[in-house]
Structures are given as structure tokens and as C-alpha cells.
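Subject: Structure handover

Hello,

Here is the structure for you to look through.

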Amino acid sequence: QVQLVESGGGLVQAGDSLRLSCAASGRTFVRYAMGWFRQAPGKEREFVAAIIWSGGSTYYADSVKGRFTISRDNAENTVYLQMNSLKSEDTAVYYCAAKPEYQDEFNSWGQGTQVTVSS
């Protein structure tokens, strides 16, 4: 497993942008697929975005397509989530996750960072 630490959350207004970062340490960062998930109050955790180790393929939830962009810098062992045109419904705790690419499930999780979007 890898250790993950998120940062960059905060309070913003609807329409604003925010960039989340996730720093990884421990086992090699390369060959790990990385993802972002979020959990709003009273709701289950949901998938937001994912990126394969090479960065060549990315995946998004329909609710964030066209607004959010996931990227990674393997030299810095960091993955990012650029969030534009934020909406109040994006308010949640955002979690970074990692998994070896041969596994189906994410098995390493960060502690989460709060994103609050006021309307």
C-alpha cells in the first residue's frame, strides 16, 4: 500500500475553481492507478475520477465531466484534481485513493479534504 495525503480543500463560491492535491509515499507510485472519490453528508462515497499510471487514460463520473480534470506527476508522486465551475452539489469530503493496476479495488486511501461550495 501507499500512504496518501490530500490537500487543497476549502470554502469557495459557486462557479469558482479549486485544485486538490494528493501526495503519495511508501511503495512506488508508478504502476498505481489513482482515483478521487467524494462523500457528501448523509450520502455514500462516490467515484469522481481516476487515472492510470501512465496518465494516458482518465475516467470521470458523469456529474463532473467537462468540469473536473485529473492529472498526475509521477516524478513528484502527486495526483491532482482540478475542479472548475464548482456547484453546491460538489460539496463533500474528497478522498484520494490508489490501487495497483492489476487490482479491481482501490486499497489505499487518504484522510480526506473538505470542499464546501456556497451558492
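This is a predicted model: local features need pLDDT of at least 70, side-chain atom pairs count only at pLDDT 80 or more; totals for chains, interfaces and linings use all residues.

Residues are numbered from 1 along each chain as its sequence is written, and side-chain values use heavy atoms, with hydrogens and water left out.

Start with β9. Strands are DSSP runs of E, at least two residues long, numbered from the N terminus. Eight of the nine residues of β9 are buried, so the rest of the structure largely encloses this strand. Buried means under 20% relative accessible area with a 1.4 Å probe, protein chains only.

Now its partners. Two strands pair if DSSP finds at least two bridges between them.
- β4 runs antiparallel to β9, with eight bridges. Alanine 33 stands opposite lysine 99.
- β11 is also antiparallel to β9, with three bridges. Here tyrosine 94 faces threonine 113.
- β10 (residues 108-109) pairs with β9 in the antiparallel sense, over two bridges.

Next, the rings. There are four aromatic pairs in the whole structure (ring centres within 6.5 Å, using the six-membered ring of Trp). Phenylalanine 37 and phenylalanine 106 make an edge-to-face pair, 5.3 Å centre to centre with 80° between the planes (edge-to-face means over 60 degrees). Phenylalanine 37 is in β4 and phenylalanine 106 is in the loop between β9 and β10, so this pair ties together parts 69 residues apart in sequence. Both phenylalanine 37 and phenylalanine 106 are buried.

Best wishes

Technical notes:
Buried means under 20% relative accessible area, exposed over 50%, partly exposed in between (1.4 Å probe, protein chains only). Helices (H or I, at least four residues) and strands (E, at least two) are DSSP runs, numbered from the N terminus. Rings of Phe, Tyr and Trp (its six-membered ring) pair if their centres lie within 6.5 Å; planes under 30 degrees apart count as stacked, over 60 as edge-to-face and the rest as tilted.
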